[in-house]
Amino acid sequence: MNRRRLLKQIVVPAAGLLTRPGSGVLNAAAEPVAPATERTPLIAEYEHLRFGVSFHFSMNTFTGDDYETGKVPATTYNPTKLDVRQWISAAHDLGAKYAVLTAKHMSGFALWDSEGYDYDVTASGNKTDVVAAFMTACREFKIRPGFYYCILDPHNEGKFDWNAPVSPEYFKLIRQQVTELHTRYPGAFYQLFDITWKISQDQRWELYRLVKGLNPNCIVVNNQAFYQSRRNQGRICESASWPTDVINGEDMLPPPEGHDPHIKFDAKAYYLPFESWIPTGPTYAPMPGMHSWFWREGYRTQSPEVIANDYRACMTRNANLLLNFGPDKTGRLPDEAVDTMHAVAKMIHS
């Protein structure tokens, strides 16, 4: 079966995406999937992993702009020594149990060959399928793989607007690309969506059930974003981040009293773990208080002491930690970042 026929069969309205427990087969008789109301085996597995890493690597790496809008040609992306295995090897040495790749950030650039799409690796200076290389490396080092996908996308939306609803045409592309990620690259444990307030709650439910229908054993996380995370510290779930299996705190540690996963949303009780998603880069000048996610010239990783303290805070406050690192434009983690990771490993595992 070719990919075009596969996509036609899989991309269906969200109302029909119902799964039979333990399988990826669509079943109209089953109950619709939804976030857990109590601790399930899947959530327990996620909590048991405790520690993951994410990698921000995309067009932004080559323009030096965390908020790259996708105006540069695809050939601007051109890593000269791309080594995804090196990323995952360093994550393994650090003790990470899961890893998340920015499959598509806000520039619109896709790190795989997306069907009928002209702003991806196949049109770039380095045609390596980074998603495939990432999955292969994760299998080798026995790290659970996951994907990041940004809803905000000026390249495909035609403008940079944090709040404007997405068009039907662009949402169709989102569905297609999420489908591709979870069919071409089976086995992802984790799916993170970012800037989710740009789509409606019905559309968020559609994406949630799309992923669960294709990959029932996948955690789906809707990021709450920087300012929202500071406002609620994981004590609630923002409506623009619902539905989600995990409350994600961007650049935010769990509250001092520790995270209580028993969260109410619309007066109903759910079991929602907390994850601190911490960038290890320097401060990002355009947004005081936030740290950089992507490598750029002059980038220096935060000190091992700071990172180790973040780790300890999450471990003692009942939260997972997702640490972010930025490979440079050669396509490798810089030596200074790897050295920092080794120093952190000694501190937290001694």
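Colleague: Of the 78 residues in the largest nonpolar core, which touch the most other members?
Modeller: This is a predicted model, in which local features need pLDDT of at least 70 and side-chain atom pairs count only at pLDDT 80 or more, while totals for chains, interfaces and linings use all residues. Residues are numbered from 1 along each chain as its sequence is written, and side-chain values use heavy atoms, with hydrogens and water left out. A nonpolar core is a set of buried Ala, Val, Leu, Ile, Met, Phe, Trp, Tyr and Cys residues joined through side-chain atoms within 4.5 Å, where buried means under 20% relative accessible area, exposed over 50% and partly exposed in between (1.4 Å probe, protein chains only). In the largest such core, the members that touch the most others are Phe55 and Val131.

Colleague: Which helix supplies the largest share of this core?
Modeller: Helices (H or I, at least four residues) and strands (E, at least two) are DSSP runs, numbered from the N terminus. The largest share of the core is seven residues, and these come from helix α5 (residues 130-141).

Colleague: With which residues is Val131 in contact, leaving aside its neighbours within four places in sequence?
Modeller: Contact here means heavy atoms within 4.5 Å. Once the sequence neighbours within four places are set aside, the partners of Val131 are Leu101, Ala103, Leu111, Trp112, Phe147, Leu181 and Tyr185.

Colleague: How many residues form the other core that lies apart from it?
Modeller: Among the members of that separate core are Tyr46, Tyr98, Trp277 and Met287. Its residue count is 28.

Colleague: Why is the pair of Phe51 and Tyr311 classed as it is?
Modeller: Rings of Phe, Tyr and Trp (its six-membered ring) pair if their centres lie within 6.5 Å; planes under 30 degrees apart count as stacked, over 60 as edge-to-face and the rest as tilted. A search of the whole structure finds 18 aromatic pairs. In this one, the ring centres of Phe51 and Tyr311 are 5.2 Å apart and the planes stand at 75°, so the pair is edge-to-face.

Colleague: How many residues apart in sequence are the parts that this pair ties together?
Modeller: Both Phe51 and Tyr311 are buried. Phe51 belongs to strand β1 (residues 51-55) and Tyr311 to helix α10 (residues 304-316), so the pair ties together parts whose separation in sequence is 260 residues.

Colleague: Which class applies to the pair of Phe160 and Trp162?
Modeller: Phe160 is partly exposed at 38% relative accessibility, and Trp162 is partly exposed at 31%. Their ring centres are 5.5 Å apart and their planes lie at 50°, so the pair is tilted.

Colleague: Where does Ile195, which has a positive phi, lie?
Modeller: Most residues other than glycine have a negative phi, and most peptide bonds are trans. Phi of Ile195 is near 60°, and this residue is buried, with a relative accessible area of 6%. Ile195 lies in the loop between β4 (190-194) and α8 (201-214).

Colleague: What is the relative accessible area of Asn318?
Modeller: Asn318 also has a positive phi, of about 60°, although it is not a glycine. Asn318 sits in the loop between α10 and β10 (320-325). Asn318 is partly exposed, with a relative accessible area of 40%.

Colleague: What is omega for the peptide bond from Trp242 to Pro243?
Modeller: Pro243 lies in the loop between α9 and β6 (247-250). The bond from Trp242 to Pro243 is cis, with omega near 5°.
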